Structure formats: C-alpha cells, structure tokens
Amino acid sequence: MDVITGMPEPLLSVRDLRVSFGLPRQELTAVDGVDFDVLPGEVLGLAGESGSGKSLTLRSILRLVKAPGRIKGQVFWRGRDILGMPDHELRRVRGGEIAMIFQEPMSALNPVLGVGTQIRENLEEHTHLDAKGRQARAVELLDLVGIPAARSRIDDYPHQFSGGMRQRAMIAIALASSPRLLLADEPTTALDVTIQDQILKLILRLRDDLKMSVVLVTHDLGVIAQTCDRLAVMYAGRVVETGPVTTIFREPHHAYTLGLLNSVPRGGGLRQPLSSIAGQPPSLTSRPAGCAFAPRCPFVIEECRKAPPPLLRIAPRHETACLRHQEVARR
C-alpha cells in the first residue's frame, strides 16, 4: 500500500517504454515513452485509433517484439524488470504468470493441432500435472469458458469451432496456468454484438473468480465503458490521457479524447450526424516536432507545435498531455 496515495502497490509498472524499428536510413519509433500501472484486480483499457501503438505496447510487455524491433525502458512485474530477465526466467513469467489473448484466434491458434492439445501444451509447460490431470484440466477449462459439451469437443480443431468458440478457446489456453495478469488484444474483434457481450462478461467473471488483473486493448469506447476501471488513451505511440473511466468520460482533458468521445453514437433525442476527427494520424516517418495531435486539434496554439507536452497530473489519478486541457474540459 502506498502511504501517500492510499492505493495498493501496482502489480505491473511500465516506465518509459519505447519500441523502435531500425531501417537502413532511419529509425522509426512506434511506442514512444509509455508509462502506466496496473493495480491488483483492475481492468485497464488501452484505447486509440489503429496504429496508435496499443497492440505493440502489449506485445512488448512480454518481449514478443522481434528484430529489427528494439524495446527499451522498464516493465516491472511484481518488482522484477521483465525487459532485463534472462530467457529461462522469462519463460516462467510468459504464459505462466502473465498470459495473452491475441487479436485474431484463427491466426493465433495452430490449425493442425486440436484445441485440447494446445491447452495441454500450456499445462505441461507451467504446471506439475501428469497426462491424466492435464486432460481433465483441459476439459475443465473449456467448460469454464462456456464451450458446450466440452468433453466431446476437446479434440476438435480450430476450424471446427465458430468465431466465438475460437475466442473462448484462446481464453482457455491463456487461463491454463491461472495467471495473475491477462493481456487481451482486441478480444472481441470481428465478433457479432451478442458474442462480444458474452466474451466481455466472461473476462470480467474470470477476473473476479481468479483474482487477476486485465489489460484490455480496444478501439471501442463502448467496450471500455462496459468493462474497464481505468483508461489510458494512446495517440501516435504515446499515452495522452489516463484516469478512471467515469472521470474521463464525464470530463475529458485532452482534445483527442474529446474527439473520440464525440464520435460515439448517442442514444435518445433527435438523430444527428456523427462528429469525426479531421485528418489522419501521423505516419512513423513524419511525426510532428511538437504534440502529434496538433495538426488535427481544434484547440491548437503555437506552443503545442514546439515540443511534445508531458503528462500533467490534474487530479490524484488523472493525467493528461495537453497544454490546453482546461479549455478542453470547458468545451
């Protein structure tokens, strides 16, 4: 427990995380100085447009970025820096203490291995169960995530499952070792709204049952509102605003966050055209010198174009990287 803030100690702390790709003529920075914490039992949402660095941030936590990509910074997991761990120690953490659900299950699942085999592989690596115990646990996990007739479906291949069932199978594999932290990269992509709701409710129920934390990557603010305790908004590889979901939704303090919220359809009243954010996110080869959102920002002033603004603490758990955050909040 932090004696100053009264908050529990973070389970995961990411500090100055940077991911770059070295090209012959130029080094491109895709994740640029990201900081955030994940508290025990908390669901943290990472939101932003495609290309903002959300998925790459998630992968870099487990050192899943391969050459020519380079990861710098610190990722403290229960007091240990994952980025500095030797490989044998990392293997115990990756898939054991921290598990990940990848964005597209049909690509992440091995198409030539049965679903049960893929669950048992995780159990063999991260538990002490014998073959009989691994088989029983695999059936139990499929049943836990809501696969009907789990015992008879355990040896089915991924193509024999529907999209929602493949996503549930991915969750079962991730949960095989009873992780303390689940990294979920767009777990409801390409699913219809009914299955999406079921998957999100499943993740929340498992969070409560297994006492684990979750980092959820999504571009859907409706998903954030439904599932997350806290939100980190990313733009052009940086976190531009972070705080409790209810606080940010009620009073955003960054122009980009405000633009995202204004683009969400609202129920009730007369139908009105949706607002959109003008322009496009910057490419890795042409980042602005100052605030990356400045070319699209209706609140921009000359000071914004000089240097990237740092995250400013405007409340005990609310930070924003906007020089005109007070004007944004009063919009």
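Visitor: Let's settle on one spot: are tyrosine 235 and tyrosine 256 buried or exposed?

Guide: Happy to take you there, with the reminder that this is a predicted model. Tyrosine 235 is buried, and tyrosine 256 is buried as well. The two tyrosines form an aromatic pair, with 4.6 Å from centre to centre and 55° between the planes. That angle makes the pair tilted, because edge-to-face would need planes over 60 degrees apart and stacked would need them under 30. Now look at where the partners come from: tyrosine 235 sits in strand β9 (residues 230-235), while tyrosine 256 belongs to helix α11 (residues 255-262). They are 21 residues apart, and the pair links distant parts of the chain.

Tyrosine 235 has another ring partner, phenylalanine 293. Here the ring centres are 5.3 Å apart and the planes meet at 85°, so this pair is edge-to-face. Phenylalanine 293 lies in the loop between α11 and β11 (312-315), and tyrosine 235 in strand β9, so the pair ties together parts that are 58 residues apart in sequence. Like tyrosine 235, phenylalanine 293 is buried.

Notes
Residues are numbered from 1 along each chain as its sequence is written. This is a predicted model: local features need pLDDT of at least 70, side-chain atom pairs count only at pLDDT 80 or more; totals for chains, interfaces and linings use all residues. Side-chain values use heavy atoms; hydrogens and water are left out. Rings of Phe, Tyr and Trp (its six-membered ring) pair if their centres lie within 6.5 Å; planes under 30 degrees apart count as stacked, over 60 as edge-to-face and the rest as tilted. Helices (H or I, at least four residues) and strands (E, at least two) are DSSP runs, numbered from the N terminus. Buried means under 20% relative accessible area, exposed over 50%, partly exposed in between (1.4 Å probe, protein chains only).
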